[in-house]
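Here is a short briefing for a reader new to this structure. Look over the sequence and the model, then read on.

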Amino acid sequence: MFDAMVRGQMNLGNLTSHLHLMPEKPLGAQVKEHAQNTGLTVNCFGDLLELTCLNLTYSNLPNIDRLTLEYHYQKDNALIGTETVHFEEGDLQEELQDYMAFWKGQRETKGVDIEEVWKCRSCSYVSICEWTKTRGTVINHTKRMKQ
């Protein structure tokens, strides 16, 4: 959302609707006075929001292209480590849409990548998992072929 504001691509109507904001709400006298002292003429929240987005659009702020992930131990919230990763909004949106398709019943479950098979040991659904059964059949077949 912040990147969209900086790029000038924020749809303020969607933002105010989604957050149940009232852009037509008049600003208080002190807010108007403060805005006037900084050279701005605003009457309502929508005016202030538009000027804020316009200011961000013409600022020299860079787009966000890296995220820092923090890993915490759940028991006592102790920091385990951090990792900085490249962030590509399109890739994230694609992955989120894939997850949402599962939760909305629009796609079947998928097994983990072979490198992450270790996760199956702690999965509650391993006994009924088709992917695990299929993987086991493939592994057994491969073993027999090597003998």
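Is Phe-102 buried, partly exposed or exposed? Phe-102 is partly exposed, at a relative accessible area of 28%. Here buried means under 20% relative accessible area, exposed means over 50%, and partly exposed lies in between (1.4 Å probe, protein chains only).

This is a predicted model, where local features need pLDDT of at least 70, side-chain atom pairs count only at pLDDT 80 or more, and totals for chains, interfaces and linings use all residues. Residues are numbered from 1 along each chain as its sequence is written, and side-chain values use heavy atoms, with hydrogens and water left out.

- Helices are DSSP runs (H or I, at least four residues), as are strands (E, at least two), numbered from the N terminus.
- Helix α5 covers residues 89–103, and its end C-alpha atoms are 21 Å apart.
- Just after α5, Gly-105 has a positive phi of about 75 degrees.
- Phe-102 sits in helix α5.
- Leaving aside residues up to four places away in sequence, Phe-102 touches Arg-107, Glu-108 and Thr-109; contact means heavy atoms within 4.5 Å.

**Aromatic pair**

- Rings of Phe, Tyr and Trp (its six-membered ring) pair if their centres lie within 6.5 Å; planes under 30 degrees apart are stacked, over 60 edge-to-face, the rest tilted.
- The count by this rule is 1 aromatic pair.
- The ring centres of Phe-102 and Trp-103 are 4.9 Å apart and their planes are at 75 degrees, so the pair is edge-to-face.
- Trp-103 counts as exposed, at 67% relative accessibility.

**Salt bridges**

- Side chains of opposite charge can pair when their charged atoms come close.
- The whole structure has 5 salt bridges, each a side-chain nitrogen of Lys or Arg within 4 Å of a carboxyl oxygen of Asp or Glu.
- One of them joins Arg-7 and Glu-89 (3.4 Å, N to O).
- This pair links distant parts of the chain: Arg-7 is in helix α1 and Glu-89 in helix α5, 82 residues apart.
- Arg-107 bridges to Asp-98, with the closest N and O atoms 3.1 Å apart.
- Asp-98, Arg-107 and Lys-110 are linked in a network of salt bridges.
- Lys-119 forms a salt bridge with Glu-116, with the closest N and O atoms 3.1 Å apart.

Methods. Expected span 1.5 Å × (residues − 1).
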